[in-house]
Amino acid sequence: MNLKKETIYFSIILLIIGTLPLGFQTNGIFIILLAFYWLISGDWQEKIKLLRSNGLYLLLILFYFLHLSALLYTDDLRAGILEIEKKLPLLVMPLVLGSIPGFSQARIRKLLWFFVLTCFITVIFSSLKIGYMHLKVNQSDATPIIKEILPLHYPYFGMYLVFATLFVLHSFNKNNTRAVYLIKIGLVITFSLFITFIGAKMAFASLLFIYAASLVTSGIINRKYNIRTLLLFCFLLIFSLGAIFMIPQSRERFIDTLNQFEMKTVSWKCGLNVLENSNLLIGAGPADVQELLQLCYYNIQSWMFDYNYNVHNQFIETAAGLGLVGFTVLLLLVCLPLYSGFRNRKVNTLLILFLSLFILSSLTESILQTNKGIVFFSLFYSILASKTRVSTPLPTESSQNLI
């Protein structure tokens, strides 16, 4: 692939990343543009050869085709067609990014830094809007305002911010100037504070857990702990907990965790009930899961019936919709890179961090049931999973990564 084509692909992906927090219609236009350029760009022999060389892309494509095959046994064909349209990024991203030569490490970093910039701009504008509306309506509880102003549901935006924070932490090294170091610390603090401010509980827990796990792993491998990493982790923990107790709506959301957990256990049980009463191998069909969930909520007389709640767990959601076959493919997608990482000292650290975040987020949210979750997962999975990219070593004393 020549430099001109690579630059065009790179530019379109930048546009997709830049519009992630915006309405899906805008973001979807650039996804269609990416697919269109891929179709007219030629080089089919090279594309097929590259795509066949990486099993992770083929698994992601297979995952989409399992959704497509569910049209054969779904009861609601119209909803099934809408479902495969929504899931289309699961096909487009691996098909395009898996069939072109991988971007250089420098370009990968530019894409990720642009994502960080997009998140930062969204945080600043959202904070200003929330502050203005809060003063305008003179309301003590800012939660309704936050829900109205945020460009997407807070668990998903929290997940975006955690991934941006993990990348910033990963980018620290001993060659950073003091100014660059302070800017990165500022980004980490800003994102962490906003996560606690909007009450994205699972995002907050995921950030601390992944950071702590990375710290312990690095210490075991290198037999030495980075003092700066320990200090920053302690600071983030104390700072975030302090923010939770100082911000009323954040405190209330975190205190309400037990009630939220009880609600989600009901949805999990109903999700498993859907699987038990369907074909265990192929499931009920993704388009029929919500209707069967509603029936379960009605039968147990749960108030969740009125709010049309999904399963709130991506693994159970996938098992209910696609059976054990779909569940196995999803597990392979997230576990194969992790298994490879544990076996080898050299690993794709950013992919490991990304998948760790996805797994933790999927425990309490059906990430792949919304456009923003689907695009986020398929885009960054496809960017980070390429076989042609140079593996990134785990943090060492010489690299001085903080994660």
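How many helices and strands are there in the chain? There are 18 helices and two strands; helices (H or I, at least four residues) and strands (E, at least two) are DSSP runs, numbered from the N terminus.

1. Basis. This is a predicted model, in which local features need pLDDT of at least 70, side-chain atom pairs count only at pLDDT 80 or more, and totals for chains, interfaces and linings use all residues. Residues are numbered from 1 along each chain as its sequence is written, and side-chain values use heavy atoms, with hydrogens and water left out.

2. The chain overall. Of its 403 residues, 53% count as buried (buried is under 20% relative accessible area, exposed over 50%, partly exposed in between, with a 1.4 Å probe and protein chains only). Among contacts (heavy atoms within 4.5 Å) with a separation of 6 or more, 77% are between residues 24 or more positions apart.

3. Helix 2. This helix covers residues 24–40. Its 17 residues reach 24 Å from the first C-alpha to the last, close to the 24 Å expected at 1.5 Å a residue (the expected span is 1.5 Å times one less than the number of residues). Just after helix 2, Gly 42 has a positive phi of about 75 degrees.

4. The buried side of the account. Asn 27, Gly 28, Phe 30, Ile 31, Leu 34, Ala 35, Tyr 37 and Trp 38 are the buried residues of helix 2. Their cover includes helix 1 (3–18), helix 3 (44–52), helix 6 (89–97) and helix 18 (371–384).

5. The nonpolar patch. Leu 33, Phe 36, Leu 39, Ile 40 and Trp 44 make a nonpolar surface patch of about 500 Å². Patch residues have over 30% relative accessible area and no salt bridge, and nonpolar side chains (Val, Leu, Ile, Met, Phe, Trp, Tyr) are joined within 5 Å, like charges within 9 Å. A salt bridge is a side-chain nitrogen of Lys or Arg within 4 Å of a carboxyl oxygen of Asp or Glu. Helix 2 gives the most to the patch, with four residues. Leu 33, found in helix 2, is partly exposed at 36% relative accessible area.

6. Aromatic pairs. The structure holds 27 of them. Rings of Phe, Tyr and Trp (its six-membered ring) pair if their centres lie within 6.5 Å; planes under 30 degrees apart are stacked, over 60 edge-to-face and the rest tilted. The rings of Tyr 298 and Phe 305 have centres 5.7 Å apart and planes at 55 degrees, so this pair is tilted. Trp 303 and Tyr 309 have ring centres 5.7 Å apart and planes at 85 degrees, so their pair is edge-to-face.

Methods. Accessible areas come from the Shrake-Rupley method with a 1.4 Å probe; for residues, only the protein chains shown count as cover.
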